[in-house]
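This briefing goes through one structure by topic. Please look at the sequence and the model first, then read the points below.

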Amino acid sequence: MQVDQINESMISADVLIEKAQAGDEQSFNQLVSLWYKRIYNYSLKQCSHDELAADITQRTFIAVFKNLPKLKEIKAFKSWIYRIATNYCHEEGRKIAKGKTVPFTITRNDDGDTIIAEEGEAQGIFFNPEMSFRQLELENILFGCLQSIPKDQRTVIIMKEYEGMKFREIAEVLDTSENTVKTWLYRGLRLLKVKLEERNITKETLSYEL
Amino acid sequence: MNYKPEESTLIAYLYGELSGEEKIKVEQYLSENQEARRELDEMKEVLGIMGHAKDREMEAPVFSFSSPSKVIVDSKDRGSWWRYPLGIAASLALLMVVGYLTSFKLSSIDGELIVAFGDQKDVQGKMFTREEVKEMITLALDENNKLVNQQIKNTKDNLLTKVNQESPANVDQQLLNEYIQRLRQYNAATMAGLLEESEQEQRRYTDQIVQDLAIFMDLQRQDDLELIQSRIENLSEDTRRFNQQTGQIITSLLSDETQNDNQY
C-alpha cells in the first residue's frame, strides 16, 4: 500500500526532483521525507541490521544530494536511488564478509539452538515495543534467511516482494535482462524455502504460532 | 511431451504475466509434472511467509546544506541507551582527577564552610565584630562622599571660569569693528556681483526677445504676403470663371435667338 502511495505521488515528485536539482533545499527535504522510510526498510532487509540500515540510508541520501544535478532523466530517479542504496548495501556486505565490521545479529549458523540464544541478543538492537515479540522473532529469522542467500537473488526478492517493483525496473537497477531477474527470483525463492524449512518456519508452524 | 519451461517462464507464470498459448503450455506441463507443481506451490508459500514482515517506521531527518560541498544531516540521536550514563561517569571521573591534581579540599568546622586548594590557612583570628564592620562601612562611605563632593566642586569651578572668559564684555572692540568692516565689504562685493550678474542676465534676455520678435515679424510678413497672393489668385480665378460664365450665357442667349428665328 505504501508503495502505491509513492507511485501516486510520483507526478508531484518529478517537480520536486527538478526543484531539488536546481538547489532548492525545501524540495530536497520533501523528496527525502518521501523516500526515507522506503530506502531504510529496503536497506534493513538487505543487511538485517537496524543501525547499519539507518547509516546506509543516510549515506544514500547524501550521495543523492551530491549527484542529483548529474541525473539527466528525472524518470530514472527511482531506479537510480535504489541503485545507490543497493551498492552501499553490497559494499557493507563485502566488509562484513571480510570481518572488518561487526557481524550480523543473526549469523549464518544453521544450528537451531544457536538461533534461539541469539534472538535474546537481537532484541536489544531490534527493540520496538509496538511490535509483538512473535512478529519480531519471525522478522529476525526471515531477514537472517535472506542474508544466507546470494546477494543478487536476495536483492531481486526484496525489490519484487517488498518494494513492489516491476521486473523491468529491477533489471534497470541491476543492469541486467528481465529474464535474468526472473531466473534469480526463481532460484532465490527456492533457496529461501530451504533456509526457512531449516529454521522450522513453514505455513503450518506460522498459523500455529501467530 | 518434451516441453520444459525455463525458470524465468515459471516465475512469469507465478506472477500472472503469461497469457494465451504459452500459459496453456505451462499449465499442461505443471499438470503432468507433479514435482514442478509442488515447487511452485512452495514458492507461493514462501511469498506468503514473507508477507508477514512489516515496514518499520523511520522518521526522515532534515538535510541542510549551506554550501554545495557540505551537507549537514540533522537527525534525531539514535545513540544507545548506555551513552548517557557513560557520559556522566566520564564527567565525574574527570572532576575527580582535576580535584586531586589541584588538591581541592572541602571541609566544615563549627558551621563554617571551608573551601581550599592545597593546605587550609588558619583564618580564626581575623574575625570582625558587628560594630567593627559598621564602622568600616561608615568610614568607607564618608571617604566616598568626600571624593564625590570634591569632584562636583572642581567641575563647577571649571565651568564658571570658562563662562567668564567667553562673555561679550571681554571681547576686543577693535576686533569686533574689524569683523563688521570685513562683513560689510564682503556683503558689498556680493551685492555688486549679484547686480552685475542680474544686469547681464537681463541684457541677454532682452537680446533674445528682440531676436525672437524679429523672427516673428518676418514670419508674419511672409504669411501676410502669401495670404495676399492667394487672395489675388482667387480673385483672378473668379474673374476668369465669371468671364467664362458670361460667355456661355451670351452663347446660349444667341442660340435661343436663332432657334426662335427659325420657328417663326
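**Chain B and the predicted model**

In chain B, 18% of the contacts between residues at least 6 apart in sequence join residues at least 24 apart. The model is predicted, and the predictor gives the complex an ipTM of 0.73 and a pTM of 0.52.

**Make-up of chain B**

- Chain B holds 6 helices and 4 strands.
- Along the sequence of chain B, these elements follow the pattern α-α-α-β-β-α-β-β-α-α.
- Of the 264 residues of chain B, 4% count as buried.

**Confidence in chain B**

- The mean pLDDT of chain B is 85, and 86% of its residues reach 70 or more.
- Confidence in chain B is highest in helix H5 (residues 130–165), at a mean of 92.
- Confidence in chain B is lowest in strand E2 (residues 70–74), at a mean of 64.
- Where pLDDT is low, the predicted coordinates should not be read in detail.

**The hairpin of chain B**

- Strand E3 (residues 104–109) and strand E4 (residues 112–117) of chain B pair in the antiparallel sense, over 6 bridges.
- At one pairing, Ile109(B) has Glu112(B) in E4(B) as its bridge partner.
- At another, Phe104(B) stands opposite Phe117(B) in E4(B).
- The hairpin of E3(B) and E4(B) has 2 residues between the strands, and Asp110(B) takes a positive phi near 50° there.
- Is E3(B) largely in the open or largely enclosed? Of its 6 residues, the number buried is 0, so E3(B) lies largely in the open.

**Where chain B touches chain A**

- In the contact between the chains, 28 residues of chain B meet 35 residues of chain A.
- On the side of chain B that touches chain A, the elements giving two or more residues are helix H1 (7–14), helix H3 (34–50), strand E1 (62–67) and E2 of chain B.
- H3(B) gives the largest share of that side, 9 residues.
- By class, the side of chain B that touches chain A has 16 nonpolar, 5 polar and 7 charged residues.

**Helix H10 of chain A against helix H3 of chain B**

- The axes of H10(A) and H3(B) come within 9 Å and cross at roughly 70°.
- Angles of 65 to 115 degrees count as roughly perpendicular, and H10(A) and H3(B) are therefore roughly perpendicular to each other.
- From H10(A), Leu189(A), Arg190(A), Leu192(A), Lys193(A) and Leu196(A) take part in this contact.
- From H3(B), they meet Glu39(B), Glu42(B), Met43(B), Val46(B) and Ile49(B).
- By class, the contact of H10(A) with H3(B) has 6 nonpolar, no polar and 4 charged residues.

**Helix H8 of chain A**

- Which residues of H8(A) are buried? They are Gln153(A), Arg154(A), Thr155(A), Val156(A), Ile157(A), Ile158(A), Met159(A) and Lys160(A).
- These make up 8 of the 11 residues of H8(A) (residues 151–161), so the helix is largely enclosed by the rest of the structure.
- The cover over the buried residues of H8(A) includes helix H3 (25–47), helix H5 (77–97), helix H7 (133–147), helix H9 (167–174) and helix H10 (178–198) of chain A.

Conventions. Residues are numbered from 1 along each chain as its sequence is written. Chains are lettered from A and ligands numbered from 1 in the order in which they are written. This is a predicted model: local features need pLDDT of at least 70, side-chain atom pairs count only at pLDDT 80 or more; totals for chains, interfaces and linings use all residues. Two strands pair if DSSP finds at least two bridges between them. A residue is buried if 20 or more other C-beta atoms lie within 10 Å of its own, exposed if 12 or fewer, and partly exposed in between; C-beta atoms are placed from the backbone. Two residues are in contact if their C-beta atoms, placed from the backbone, lie within 7 Å. pLDDT is the predictor's confidence in each residue, from 0 to 100. Ala, Val, Leu, Ile, Met, Phe, Trp, Tyr, Cys and Pro count as nonpolar, Asp, Glu, Lys and Arg as charged, and the others, Gly among them, as polar. Axes are lines fitted to C-alpha atoms, for helices over the stretch in contact, and angles run from 0 to 180 degrees between N-to-C directions. Angles under 35 degrees count as roughly parallel, over 145 as roughly antiparallel, 65 to 115 as roughly perpendicular and the rest as oblique.
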